[in-house]
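Hello,

Here is the structure I said I would pass on. My notes follow it.

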Amino acid sequence: MAAAMDRKPVDRVPVMCQLSIGHMLLQLGVSPAEFWCDPQVYVDGLFSIRETYDFDGILVSLHGHNPEWRKNIAGRQTRNAGEEILWVDGSRTLFPPDDLPIHTPSPNGGETDDPSLWEATVPIHYIPVSQGLRFDVHPAHRYDVLEDVVRRSGGRYSVHGEITSPFDYFLDRAGSQAGLLVLIDDPDAAHKILSAFTAKIVALAEGMCSTGIDAIKISSPFAGAGFISPAFYATFVQPYERRIIAAIRARGVKAYLHTCGAIRDRLELMIGSGADGIECLDPPPLGTIELDEALRQIGGRCFVKGNVDSVNVLLRGTRPEILADVSHRLAAGRKAGGYILSTACSIAPHVPRENVLILREAVEGR
């Protein structure tokens, strides 16, 4: 992994995929609430999944778990749709067995926006996971799980942390539709908010770098062509991600960008951010670029991780189809160098285990 990220010769192409929460839950068979909330269950699960698929690295997507989270439980029950927890503040969270949690705020209106969120000097206290779902980052335990994974890994596996792009925080706070309109109607306000979040994220990333991790993934899924134009990407995304990347690299840690979907028209802008690597590169029909084309354009300027279609190939494909697709990616990656075999985005929840195991078989030529 280290050699691939440095774009140096490797004895074999490394393999490391990001996994959806749903896929991990189905493979592990653990309580969805425990896996999401409990730091020990979460870390144990990461290592169990790594062993199952023999990945060369571990991605720690969540961090800042509260080790005393159970004290906030007012009630807990099992439903057909999963586990439901009633919290002491009156809010509820449903934990499905194959998907992300669904959180319902307290009917008492106890969850309100803190004005300090917009102050650059106030630390970030949550991760905007997806569609309004937020993971609380405990101020006294921000990096505990990262430190635990690094310690348990003992240098045998590449350990990656994850932070979220300022653009995602911006859309999370403003709302997708309202936020996109602000970019047009009040760009100065957008820049002010993005700058504040960038300062917070830089501080968060710098703390992560001190844990001994090898790389940080900057998750920026809403920066693809389905949401904003290349011009808006260059204005509202790249400058802020460039600052974060520079701060990470200054501490000797690799930084790579994760943007889903269509990125062909902004690939050069992504490379121009100074990132050590680019992840996803969704092929058609999910995205707009094939690996061969992307590698030619990149020309060895950064490493590449991804390009295997998790849905149309891993989920729906037969074993011969998966082997043929993966073999094609490997041939292109070996020729160009600096390639890590991976699904373009997360492994979908219901992808069969045996299909994922084909990735390891392929890189070893079995």
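The buried residues of helix H2 are Ile21, Gly22, His23, Met24, Leu25, Gln27 and Leu28. Buried means under 20% relative accessible area, with a 1.4 Å probe and protein chains only. Gly29 follows H2 and has a positive phi, near 70°.

On provenance: this is a predicted model, where local features need pLDDT of at least 70, side-chain atom pairs count only at pLDDT 80 or more, and totals for chains, interfaces and linings use all residues. Residues are numbered from 1 along each chain as its sequence is written, and side-chain values use heavy atoms, leaving out hydrogens and water. Helices (H or I, at least four residues) and strands (E, at least two) are DSSP runs, numbered from the N terminus.

Next, Thr343. Thr343 sits in strand S13 (residues 339-343). Thr343 is buried, at 1% relative accessible area. A polar atom of its side chain lies 2.7 Å from the backbone oxygen of Cys345. Beyond neighbours within four places in sequence, Thr343 is in contact (heavy atoms within 4.5 Å) with Cys17, Gln18, Gly306, Asn307, Val308, Ser310 and Leu314.

Last, a helix pair. H8 (residues 187-209) and H10 (residues 238-249) pack at about 20°, with axes 9 Å apart. That makes H8 roughly parallel to H10, a term for angles under 35 degrees.

Best wishes

Terms used
Axes fitted to C-alpha atoms, helices over the stretch in contact; angles between N-to-C directions. Parallel < 35°, antiparallel > 145°, perpendicular 65-115°, else oblique. Buried < 20%, exposed > 50% of the residue type's maximum accessible area, 1.4 Å probe, protein only. Polar contact = N/O pair within 3.5 Å; in protein donor to acceptor, adjacent residues only side chain to side chain.
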